[in-house]
Amino acid sequence: MDDIEVPKFFVCPISLQIMKDPVTTITGITYDRESIEHWLFTSQNTDCPVTKQPLQKDSDLTPNHTLRRLIQAWCTENASHGVDRIPTPKPCLDKAHVLKLIKNLSHHELQIKTLTRLELLAAENERNRKCMVDAGLPKAMLLFIAACFKKGQVSGIQEALSILCFIRIPRSESRAFFSENDDKIIESLTWVLGCKMENYATVKSHAASVLKMLLEEASSSVLERLKPEFFERIVGVLRERITHQGINAALQVLLNACPWGRNRKMMVESGAVFELIELELRSPERRTTELNLGVLFHLCCCAEGRAQFLSHGGSIAVVAKRILRVSPAVDDRAILILSQICKFSGTSLVIQEMADVKAVTKLCMLLQADSATYLKDKAREILRSHSDKWKNSPCIFSSLSSLEFQVSS
């Protein structure tokens, strides 16, 4: 576009771009619909950006047709200057239309066409997604997946899961769904994770994400009833190395289930510890490491978990390597894992391995770093517990000496 002055009332106060679909809020300020909806729904803001007055998520956004026509006319007049004409916005999706599409799902021959349409609408904008939630689409999609499980039907599952990942499941709906449908959806999604189907990586990633959303709001009674097959499928997500989003969702699911001892036992029996270490050896991004070591810590609180941890040749080394390299949260988990190992599984071979892979050196470095006091105390406790063996090791003698043997004080 040539250097042409745009009338200031054509410009959205948020995006600072020419408005394509101007809407006026209850505060009297006009914004581009996409910008103000993102402000309200995605960024979780509750104030008008200009006036700072309260502006709730369900506030009316009144289309400013007069301003839109003025903008369109101005764009047409200045087309020779490279200004593109702004098309007339599509009519807003309404609840009645969503309810009609949900009703169509009861007809088998219309299911794929309907799900595809819903997926496209959900992908368009936040306004559509909010309308779908208000119409009860999350529950309809969960019931559809449960029905597919009952019939052994895989067609439509990919689209249904994609829709749920787009629109998200409100917390209140998650709790209500569990109370009404017991554990059917958990069984259904567990089945999906074991299915062989086209685009399986995407499907399993979305299934793990939906499980994460549901279990974040599940009651303790639901989490206490999880079955071995469930954990085998979740660990399978880690083993198959699907999408980054799917791996993080699976890790969060495991973390949410960790407080119950029977769940930890089933995770260990499913080979979770080995897969977590293998995942960490691939040097994942920060959030993945935080989740990973969080789960590992819980599993190392039981004897079976520690045994599986120590059976992997790279376990101590990879945990020690993460100290002071990722985040304070990772430092916390890594130190607590090493503490569990030293306290309950500290054989002479393990103690020697900690020296060989520089885990002890890392503990000494943490004492000198700007770390939390409680972590330094924990590191000092570990060093003190085996200082008689580690002092004689030439690879860490200088580190301990530089600390003036704080561990023995």
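Across the whole structure, a search finds 18 salt bridges, a salt bridge being a side-chain nitrogen of Lys or Arg within 4 Å of a carboxyl oxygen of Asp or Glu. The model is predicted: local features need pLDDT of at least 70, side-chain atom pairs count only at pLDDT 80 or more, and totals for chains, interfaces and linings use all residues. Residues are numbered from 1 along each chain as its sequence is written, and side-chain values use heavy atoms, with hydrogens and water left out.

One of the salt bridges joins Asp21 and Arg33, at 2.9 Å from N to O. Asp21 lies in the segment before strand S1 (22-24) and Arg33 in helix H1 (residues 33-42), so the pair ties together parts 12 residues apart in sequence. Helices (H or I, at least four residues) and strands (E, at least two) are DSSP runs, numbered from the N terminus. Asp21 is buried, with a relative accessible area of 15%, and Arg33 is buried at 4%. Buried means under 20% relative accessible area, exposed over 50%, and partly exposed in between (1.4 Å probe, protein chains only). A network of salt bridges links Asp21, Arg33, Glu37 and Arg127.

Asp388 and Lys389 also form a salt bridge, at 4.0 Å from N to O. Here Asp388 is exposed, at 51%, and Lys389 is partly exposed, at 44%.

Helix H12 covers residues 228-240. Its buried residues include Phe230, Phe231 and Ile234. Just after H12, Arg241 has a positive phi of about 55 degrees.

The mean pLDDT of the chain is 90, pLDDT being the predictor's confidence in each residue, from 0 to 100. Over residues 404-409, pLDDT stays under 50.

Terms used:
Contact = heavy atoms within 4.5 Å. Expected span 1.5 Å × (residues − 1).
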